[in-house]
Amino acid sequence: MVQGVPVNLTGKVAVVYGAGTIGGAIAGAFAEAGAEVHLAARTEAALKAKAEELGVGYAVVDALDEQSVDRHAAAFERIDISVNVISDNDVQGTPIHEMSVDDYLSPVVTNVRSKFLTARAAARHMVRQGSGVILFFGGTSDGSVHRRWQLGGLVTAFDAVQAMCRQLAEELGPHGVRAVTLQTGGIPESIPAGIRDQVEPDIVGQTALGRAATLEDVGRAAVFVASDWGRTITGTQVNVTCGAVLN
């Protein structure tokens, strides 16, 4: 360990949008690392249950609604870490030539709108503070995924968000603010039980390590990137694909 610079988030205020499996894993890892964590999501019952399980704060927030996001963020004195892992609202399994425009654009609009709104809200705090980390999850994917699955607009959405990440990094960097994406090849634990048996072998089969990333892996990677140990990383993707994508 480097003396005086532990891998922790003590004293940091983190907002995690999305209280599902991945959001919960990141929030839990942040809390273990010493951060003051606040979960934000639309469905109060599930949100409250997850927050109580993790021992963190929570608020009902619609990450697609400008006023809801801005009102929630304005209540904080500071925000040091902002993570958006809300549902992608993607439609899969339909050939693109048979897909409706609304189904194709659903994950694109959801990702771009929500991540813009939450990043903007956090950035207003971070620019004033002179520090902060905006963290996304998804990233540009394995190039062969299009041959194996009919993903609709999901990869288009991920590519658009990565372009946003780069722009945020460029514009906010002079203010001490970083923007980073955790690049995933798929997290089997986050896949609905009904289709996990079908999808998990494909995810694992694409990796160089012969295993897929776990929720614990994602949480640890998020802590590293958000901590001072990750302070040189911005405008890029941190690869947590277990070698499914070789950069």
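Predicted model: local features only at pLDDT ≥ 70, side-chain atom pairs only at ≥ 80, totals over all residues.
**Helix H4**

Helix H4 covers residues 101–129, a stretch of 29 residues. At 1.5 Å a residue, H4 should span 42 Å, and the 41 Å between its end C-alpha atoms therefore agrees with that expectation. After H4 comes Gly130, which has a positive phi, near 85°.

**Packing of H3 on H4**

Helix H3 comprises residues 66–74 and packs against H4. The geometry of the pair is given below.

| Quantity | Value for H3 and H4 |
|---|---|
| Packing angle | about 25° |
| Distance between axes | 10 Å |
| Hand of the crossing | right-handed |

Because angles under 35 degrees count as roughly parallel, the packing angle makes H3 roughly parallel to H4. On the H3 side, the contact is made by Glu66, Val69, Asp70, Ala73 and Ala74. Their counterparts in H4 are Arg113, Leu117, Thr118, Arg120, Ala121, Arg124 and His125. By class, the residues of this contact comprise five nonpolar, two polar and five charged.

**Arg120**

Arg120 lies in helix H4. Which residues does Arg120 touch, not counting residues up to four places away in sequence? With that exclusion, Arg120 touches Glu66 and Asp70, both of which are listed among the H3 residues that meet H4. Arg120 can also be related to Leu168: the two are 48 residues apart in sequence, while their C-alpha atoms are 9.2 Å apart in space.

Conventions. Residues numbered from 1 in each chain as written. Heavy atoms only, no water. Helix = DSSP H or I, 4+ residues; strand = E, 2+ residues; numbered from the N terminus. Expected span 1.5 Å × (residues − 1). Axes fitted to C-alpha atoms, helices over the stretch in contact; angles between N-to-C directions. Parallel < 35°, antiparallel > 145°, perpendicular 65-115°, else oblique. Left-handed = near helix turned anticlockwise from the far one by under 90°. Contact = heavy atoms within 4.5 Å. Nonpolar A, V, L, I, M, F, W, Y, C, P; charged D, E, K, R; others polar.
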